[in-house]
Amino acid sequence: MRPFRGHLTRALAVFAAVSMTIVFAPNAQAAAPEAPSSVTITRASTSLLIQWTAAIATPAVTAYTATAFSASSGGVAQGSCTTSTTSCTITALTNGVQSFVEVSATNGTAPDAVSSPRISGTPLGIPSVPRSINASGEDAAISTTWLAPADTGGSTISGYKAQAFTSPVGGIAVASCLTTGSSTLRCTMDSLTNGTTYYVSVFATNTNGDGPASLRDVAQAGALPSPPRLIEVDRGNGSLSVTWIEPAANGGNAVLLYTASARTTYSTQGEVVASCTSTGASCVMSGTTNATTYYISVTATTVVGESAPSSRVSIIGISPPSSPRLVRLERGNGFTRVSWSSPLTTGGSAVKRYVAKAYLTATGGESVATCIPQSSSPTQCNLGPLPNGTNYFVDVTAENAMLASDPSSPRLAIIPATQPTPPREVSASQESTGIRVRWRVPESDGGLVIASYLATAWSTLTGGTKAGSCTTSGDSCVILGLEGAPVFIDVTAQHEAGTSSSSSPRVRLLITGAPTPPLSVVSNTVARTILVSWRPSADDQGSPITSYIANATDSAGKTAGTCTHVVTKTERMKGASSSRMLCLIRGLQKDSKYTVNVGAVNAITTTYASASVISLKSSVPSIPRDLTLMPGEKSVFAQATLSASTGGFAEDVYTFRAWSKPRGGVLTKKCSIQSHISVASPACVLTDLGNYRTYWVDAFASNELGDSAPTARMAIRPMASVPMAPLDFRASMTPDGFIARWIAPAFEGGYPLQKYIVRVKTDPKSSTITKQCTATAPTTTCEIGGVVSGTHLWIDVIAINPVGESPASIQLDRTVIDE
């Protein structure tokens, strides 16, 4: 609308001038025109369209000139245009460079009229072509970069667009990517087909529109592969064997070729002196020098191109490997197992094999056996055959592709051997200190001198638990600490190559022990003699007691006299239940004191009872010993062991008294019994006492010269009680068990006995009873069978009355032997 108004204004002005000329022509005068007004600018690419309102002038304006300057005043003229109309275009301007425009009018008079002030305007247009287009392939993509156009069209570039075509000219774009702003000069087109060639152009856009597209650059979709990995090089004679694994990324295209290159320097500028190619993962370079160090790299090539080289791997000039290390020998039967560690250096080439050799000498000599390890165990092998018993010396060498190492040094010595055979002709016998085991050497020592023998005593013929052992390098030893049971003995031989199997079968030996001491020893003087009496030992420990010996020793410790009692067959059968035994020591000095002791003798040893001192001068008895009380129904059973000395008399009287108090008090009851020296434990019953009332009981002995001092008083409360323990318990072994015998308790507890129970255990500390037999009182014997031969037993017997069970008798240990 603005240009239209200008034309109308100028038309009216012309019309008015003509009218005035017509009306006032006779009086008109020439004058300079007025300046053009209402100047406007319309921007275009490298040009500005200038429009204005016609100037009023007489005579009329003949020409207008529009001029563009570099400044709002003064400045350099950038271009101009002249017209007789009210518009013209200034061309050849620079897009984006601001111009300041004025319009002058001329009518032939001077001076010209110039519009003022200058008005500004900047030429605008589309951008020119982007420069330096560079398209490159990526995995299923094309990445494109460029430089900004030389001319932005006078306006800031708002973005770029890259397009991919399948032909160098024409065609339809198959992919594109956009950028925003003028600074982003790169974009990537995705979802393309790897291996396909694409032609890429780019154009720029500003507010005036899209610029022209660039020439197309060519690229193939798919990235270059990454370098091959894990390069390994092995040296051959005049060659290098190279292996690798595929690149971590192939850029989207299959690797078509690998190239391995060798240089003599690490520098990437070094000359390639050898190479090889392969479609697989290895190749061999020929023509190399064994003594030269090489640096090897590998590249991968796809349809896109060749990868960067891998990191370089060096391989030094080849030399012999160092010797194998840490050689170890393990003895075998007719061979030795050799093992070692790899050399510290391989000489520039991998070790191909090892060789172990055996010699008869520590240095020099010819090898007598060789072994080369299998690939499954490359650092060990069995070296043989090597006859057992011979000393051999072993070394190992390593070989690479070219050379062999020096042998390991020094050679290691070994004697091949195997375990010996078992010792022969084993026997065992009991000695006073233990079990003596004897044997003969094995038939074969396995190639080494026997170092030691081990004799072991077991609880059973096979298996079982170990009861004891002894070790020696000779042909016999003594096993100590065995007692009370049969044992089964075997022997093994051992040396560095191992231990033999056990001798077989095991040798059985029934172990006997020292008898228990004689019981209740009493000594009595008659003139210049001492009459000694005792009760038989409670247990012969498996070896029958053959005799008892009594000794009298004077104050100087010298034996003054002895006597021996040989055990009769009847006494041996009765065992501990036999009556008291006697013997007389003669030829002693009157009025002298002697120490008397009595010993039980069996095949193992002699066991003595405690010694007592006696004088050959008559006196009152010594104090009774071992006062024992047992409560009964309104009664007390009292018993004591004979005085150690009867004072020189064969018979003494023993009196037991019940008192109302521990000291002094009233004598409420007493009982007496005349006892001979042959009676072990005199006893009597204090009756008519009150149940549950406390009494204090003592005892003393009397002979013709008077009374002994009383024992210390013992407190007791009469009441019905269990019986005392059965006496003189013994067991006679049978092929599958035993027959048990005993004597009734000394006191039945105030009630008649009902029965006895013989109890069998396999563990003396256990409460578990494995077998038992019962005898109704007054029977004092019963039999147990069905016991496996070789079983060791612990046996006792108890008595039972209406109140309950008595304490157990002495416990015997016996072994059932089927003979």
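**Note on side-chain contacts in the predicted model**

1. Arg713 is partly exposed at 24% relative accessibility, where buried means under 20% relative accessible area, exposed means over 50%, and partly exposed lies in between, all with a 1.4 Å probe and protein chains only. This is a predicted model, in which local features need pLDDT of at least 70 and side-chain atom pairs count only at pLDDT 80 or more, while totals for chains, interfaces and linings use all residues. Residues are numbered from 1 along each chain as its sequence is written, and side-chain values use heavy atoms, with hydrogens and water left out.

2. Arg713 takes part in two contacts described here. Its side chain meets that of Asp698 in a salt bridge at 3.9 Å, N to O, a salt bridge being a side-chain nitrogen of Lys or Arg within 4 Å of a carboxyl oxygen of Asp or Glu. The pair links distant parts of the chain, with Asp698 in strand 52 (residues 695-703) and Arg713 in the loop between strand 53 (706-707) and strand 54 (714-716), 15 residues apart; strands (E, at least two residues) are DSSP runs numbered from the N terminus. Asp698 counts as buried, at 2% relative accessibility. The charged end of Arg713 also sits over the ring of Trp659, 4.1 Å from its centre, the criterion being NZ of Lys or CZ of Arg within 6 Å of the ring centre and within 35 degrees of the ring normal. Arg118 is placed over the ring of Phe69 in this way, with its charged end 3.8 Å from the ring centre.

3. A search of the whole structure finds 18 salt bridges. Among them, Arg353 pairs with Glu399, the closest N and O atoms being 2.7 Å apart, and this links strand 26 with strand 29 (residues 392-399) across 46 residues. Arg353 itself is partly exposed, at 37% relative accessibility. Asp796 and Arg759 form a salt bridge with closest N and O atoms 3.0 Å apart, and because Asp796 lies in strand 60 (residues 792-801) and Arg759 in strand 57 (residues 755-761), the pair ties together parts that are 37 residues apart in sequence. Both Asp796 and Arg759 are buried.

4. The structure holds nine aromatic pairs, counted for rings of Phe, Tyr and Trp (its six-membered ring) with centres within 6.5 Å, where planes under 30 degrees apart are stacked, over 60 edge-to-face and the rest tilted. Trp340 and Tyr354 have ring centres 5.4 Å apart and planes at 55 degrees, so the pair is tilted; Trp340 is in strand 25 (residues 336-341) and Tyr354 in strand 26 (residues 353-359), 14 residues apart. Trp340 is buried at 2% relative accessibility, and Tyr354 is buried at 7%. The rings of Trp534 and Tyr548 are also tilted, with centres 5.6 Å apart and planes at 45 degrees.

5. Trp534 and Tyr548 are among the residues with the most contacts inside the largest nonpolar core, which has 21 residues; such a core is a set of buried Ala, Val, Leu, Ile, Met, Phe, Trp, Tyr and Cys residues joined through side-chain atoms within 4.5 Å. Strands 40, 41, 43 (581-585) and 44 (593-601) each supply at least two residues of this core, and the largest share, four residues, comes from strand 44. Trp534 has a relative accessible area of 0%, and Tyr548 one of 2%.
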